[in-house]
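Subject: Structure handover

Hello,

Here is the structure I promised to pass on. Please open it first; my notes follow below.

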Amino acid sequence: MNNTFTLFDDRKQEIQFYYSIMVEIDNDSPDIKTIDNGRFLRILKSNFLLMLYNFVEACVVSGMVEIYEKLKNSGSSYGELISEIRSIWSNYEIGKVYSNLAGKAAYEDRVQVIINHVIDSQPISLKKEALGISGNLDARAIKNLCDKHRIRYTASDNNGCLRTVKEKRNNLAHGDESFGDCARDMSVVDLEHIKDEVIGFISGILDGMKEYYDNRRYLFSNMA
């Protein structure tokens with residue numbers, strides 16, 4: 001357990017250091033100029049990567065939830081929807097009971113509910129949980145999500161910036177890297193490039209979502 005306790009002490013000191021900076025800033029202390037700015041900058045850069053990932057996930061989830069809300073409010077039935085949305089909805093509904101513990105009867109009952117829903121032309125709705133997002137959004141995952149819904153977009157991440165942001169976010173979230181080390185080798189100029197690439201990519205994705213939303217591309221009759 002020596003490694004664990006060493007890690008505990010290192011990360012605790014990092015947290016205490018970061019908090020002390022916040023206190024000094026909050027108190028307008030003149031001592032702020034004498035603090036280890038290099039160390040603090042490394043932590044700030046790691047936090048910046050977290051901010052970027054939160055930006056990515058928040059924008060993508062918000063856009064999809066708005067689309068789902070509009071779909072729900074439209075009162076559209078299964079037969080009115082494109083095949084992609086039909087598949088997402090049916091898989092989502094079946095997934096509510098799908099597990100190793102679910103009995104055959106429960107599974108059959110759920111399938112029957114879905115069949116009746118379709119036959120009776122009841123309105124279809126989807127919730128955020130149907131997205132299946134769990135902290136792993138990079139360019140490939142976002143494109144796959146859009147493709148799954150037949151959302152058209154123009155966005156590229158040729159330099160892998162979103163993958164870098166996702167991996168660094170996961171390393172921080174899982175404790176594999178400290179805030180002091182995570183972005184140690186990244187300059188502020190590097191982060192500016194990553195920022196611009198991420199923002200440009202998400203802008204392209206959101207433009208595609210907006211076109212999908214405005215023209216109700218989830219309906220078979222409006223299929224592009």
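Is Arg184 buried, partly exposed or exposed? Arg184 counts as partly exposed, at 43% relative accessibility. The classes are: buried under 20% relative accessible area, exposed over 50%, partly exposed in between (1.4 Å probe, protein chains only).

Some ground rules. This is a predicted model, where local features need pLDDT of at least 70, side-chain atom pairs count only at pLDDT 80 or more, and totals for chains, interfaces and linings use all residues. Residues are numbered from 1 along each chain as its sequence is written, and side-chain values use heavy atoms, with hydrogens and water left out.

Salt bridges: the whole structure holds seven. Each is a side-chain nitrogen of Lys or Arg within 4 Å of a carboxyl oxygen of Asp or Glu. Among them:

- Arg184 pairs with Asp181, closest N and O atoms 2.8 Å apart. Asp181 is partly exposed at 39%.
- Glu84 meets Arg150 at 3.0 Å, N to O. Glu84 is in helix H3 and Arg150 in the loop between H5 and H6, 66 residues apart. Glu84 is buried, at 19%.
- Glu177 pairs with Lys168 at 3.5 Å. Lys168 is buried at 18%.

Helices and strands are DSSP runs (helices H or I, at least four residues; strands E, at least two), numbered from the N terminus.

Now helix H2. It covers residues 37-74 and reaches 54 Å from its first C-alpha to its last. Leu41 is in H2 and is partly exposed at 40%.

Best wishes

Terms used: Expected span 1.5 Å × (residues − 1).
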